[in-house]
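Hello,

Here is the structure we discussed handing over. Please look it over; my notes follow.

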Amino acid sequence: MKSRVVGALLLPLAVLAAACGGNSAADSSLTGSGGRTDGSGSVTLDVGDQKGGSQAVLDAAGELKDLHYKIKWSTFTSGPPLLEAVNAKAVDLGGVGNTPPVFAAASHSKISVVAASHTSSAADAIVVPQGSPLKSLKDLKGKSVAVAQGSSSNYTLVAALRSAGLSPSDVTFDYLQPADALAAFTQHKVDAWAIWDPYTSQVVADEHARVLATGQGIANGLSFEVASPSALADKAKAAAIGDYLQRLRKAQLWADEHPEQWAKAWAEDTGLSYPVALDAVRRSQGTTVTVAVDQAAVASEQRIADTFSQLKLIPGTVDFSKFVDTRYNTGLPPSTTPPRAASGS
């Protein structure tokens, strides 16, 4: 079983890890289905993405047709290296979870959060091997947990530990990107893994892991589109970003309403089996609601920033409101709008 799981996920993940090239912009020759350019026109948006992310859903929903500007895609293993590329102006825009913008803000990166979505946190999980004796979060004391530093799972892990009366100092954090984390997990070099979909659904479906805890009631379920201030200062690019965000909103709505079709497209893009992709769609990826980057969203992110600051996991303090641009909020529901009910669950 172990070799099958590793083979199923590590091959595409190894490609993505190489694509990140030391936390820099992805090399388009190594991004698999990424790296292509869509649309036409004199304006080009360089968009950072993750496997099975924005490009996949826009493509599946037919929202990459009739583009009057170009989108050049680059693929990253997770949010933190993507935001490093935004800061470096290697990409203009990219989608990430709730925690990468906090770490980027703490390092004084030049980023602006321009859009938000609310998704079920059921797939943001802490998993342990099937045969593990660990039965509750309290059992993690003195154990090691793999997690991508600065990822949404980083905060889920910290918050979950706190809910169990533990602190990060009670646990060894092994900061690993997904490919390395999966290898460590399957080889029993760590006791647990804090991760997100599709990895959660993959390891659970292959009966290689069981869920110890999820982000439900702990994580805020928010994800963000984050842009480079220099791109926003360019009128033509700013207009293209507005159009891109509208298309992304329509595509996410389509995905919510067509779970089977979205799962099929997602499986093709990620290399996952259709049953695993469908499980992930029903668990989280088909629950997304586009929401405003409003005061409630900023306050929720500020709580994450304050948590990491108090624990000295980020340097100094962060005023998250200084890293937000609300120009694209018009007509969007509040960030407290609940995610759509998981289809077929």
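Contact here means heavy atoms within 4.5 Å. This is a predicted model: local features need pLDDT of at least 70, side-chain atom pairs count only at pLDDT 80 or more, and totals for chains, interfaces and linings use all residues. Residues are numbered from 1 along each chain as its sequence is written, and side-chain values use heavy atoms, without hydrogens or water.

The sheet. Helices (H or I, at least four residues) and strands (E, at least two) are DSSP runs, numbered from the N terminus. Two strands pair if DSSP finds at least two bridges between them. Seven strands make an open, mixed sheet, ordered β1-β3-β2-β4-β11-β5-β12. β5 (residues 112–118) and β11 (residues 222–227) run antiparallel, joined by six bridges. A115 sits opposite E225 in β11.

The helices. Angles run from 0 to 180 degrees between N-to-C directions, with axes fitted to C-alpha atoms, for helices over the stretch in contact. Helix α9 (residues 235–257) lies across β2 (44–50), β3 (70–76), β4 (93–96), β5, β11 and β12, at about 40 degrees to β2.

Buried means under 20% relative accessible area, exposed over 50%, partly exposed in between (1.4 Å probe, protein chains only). In α3 (residues 79–87), seven of nine residues are buried. Among them are L82, L83 and V86. K89 follows α3 with a positive phi, near 65 degrees.

Where is S54? In helix α2 (residues 54–60). S54 counts as buried because its relative accessibility is 8%. Beyond its neighbours within four places in sequence, S54 contacts D49, W73, E225, Y244 and L248.

Best wishes
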